[in-house]
Amino acid sequence: MPKVKVPRKSTSVDMTAMTDVAFLLLTFFMLATQFKPDEPVTVNAPSSVAEVPLPDVDIMTITISNDGRVFFSMEGQQYKEELIRKMSAIKQVPFSEKEIKEFSLMSSFGVPFSQLKELLAEKSEERAKFNQSGIPSDSTNNELADWIWQARLSNNKVRVAIKGDQDANFPVVKQVIATLQDKKVNRFNFITNLTTESVEK
Amino acid sequence: MAEIEGGGGGHKKGGKPKGKKMSTRVDFTPMVDLGFLLITFFMLTTSMNKPKTMEINMPVKEVTEEEKQKVKASQAITLLLAENDEIVYYFINEQTGEPETPVITNFSKGGIRATLLSKNKELLDKANNNNYDSIPILREMYKTNQIKEDEMKSRIAGIKSNKDALIVVIKADDKAKYKNLVDILDEMLICNIGRYAIVDISPLEADLIKTAMATSNSPVTPK
């Protein structure tokens, strides 16, 4: 019997198809990605069975950290620019164009108004280290109320979301809710994580 | 694929320019490597699950006493959120108008949820109102296309506006955590309670928590 000749095949594979798939997936993830804004505090939101997703636009978020500090953030650069202009007019503290720009790019902040310039002067990478004491929200100096009110004037469609840490003490939450009610915001959302809790009839 | 004419410099020997055919194949392996590296990066940075929200409607603050709805005593339950994830609840006695003995419970399944569900059922049975629709189940049915959106909305509205159902008054103590508030609002959703209110706690009730805690040496913690 003659020897069966096994033809030597090249080991190189056509990679084109694989590249196509890889880049298709890459494109998808690039477009679907929304970078998480760097928060000054990490908040561990409580879980609930609520299933309403948080809207992306027209929202301001009041974050309450577990040690009771209050942070404020708002979506939309143009609204934030308007917000800081309005706030600077009210507080009679002038802000330079550069600071206004910085403010519109900043995600969440939690400093009294008097320290805001200091915070804006920091580089955005350094801000995480800045000791943010929280926005004053007590009755003697309720800056949070100003922020909420001016934010609503800047964007009249804005909705309020409260993102509290699960270990935040209730009095702080009560304070924030009372402030909201004071400013005639009677409808707001609590941000929660989804759990799969069995539902009973 | 595009053809690339390889080898342009064939004039040395004076003869015909002999275009040397070079392979047009390119090694794609590094490109794939790069592609997958970037995919991995984007996959890890993407946060796919969006946060969920719970909507709260608070009453308008400036309501006069007359405008406030008077709650029928037999229909209401007051939940006091205390520290250490405990709840003190009491009913108001219909005859005397005095609060009944407070009971301590917790957020476990057999705790506050069992109380709310049984009390709600009892009230609905008494009123012969068999509205046992469940908000989460209706939502689920809508999602799986068993019912239309309008039907879901009207049936949920039916649950919420049921005149005979339990009314819950939520009062959180200063030592309570934010988690407790969200949990109890969650229970409202699970137990189909459409009418509830978050009210500030009075000093009287804060004392009530203290006495209730003090009197119960071994708190009842049903599991």
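Reader: Which residues make α2(A) meet α3(A)?
Author: On α2(A), Gln77(A), Lys80(A), Glu81(A), Ile84(A) and Arg85(A) meet Ile100(A), Phe103(A) and Ser104(A) of α3(A). Contact means C-beta atoms, placed from the backbone, within 7 Å. Helices are DSSP runs (H or I, at least four residues) and strands likewise (E, at least two), numbered from the N terminus. This is a predicted model: local features need pLDDT of at least 70, side-chain atom pairs count only at pLDDT 80 or more, and totals for chains, interfaces and linings use all residues. Residues are numbered from 1 along each chain as its sequence is written, while chains are lettered from A and ligands numbered from 1 in the order in which they are written.

Reader: Why are α2(A) and α3(A) called oblique?
Author: Their angle is about 130 degrees, with the axes 8 Å apart. Under 35 degrees is roughly parallel, over 145 roughly antiparallel, 65 to 115 roughly perpendicular, and the rest oblique. The two helices are therefore oblique to each other.

Reader: What is the make-up of this contact of α2(A) with α3(A)?
Author: Three residues are nonpolar, two polar and three charged. Asp, Glu, Lys and Arg count as charged; Ala, Val, Leu, Ile, Met, Phe, Trp, Tyr, Cys and Pro as nonpolar; the others, Gly among them, as polar.

Reader: What makes β7(A) and β1(B) a pair?
Author: DSSP must find at least two bridges between two strands. β7(A) and β1(B) (residues 52-57) have six, in the antiparallel sense, so they pair. Phe188(A) stands opposite Ile56(B).

Reader: How many residues does each chain give to the contact?
Author: Chain A gives 49 and chain B gives 43. On the side of chain A, α1(A) has the largest share, ten residues.

Terms used: Contact = placed C-beta atoms within 7 Å. Axes fitted to C-alpha atoms, helices over the stretch in contact; angles between N-to-C directions.
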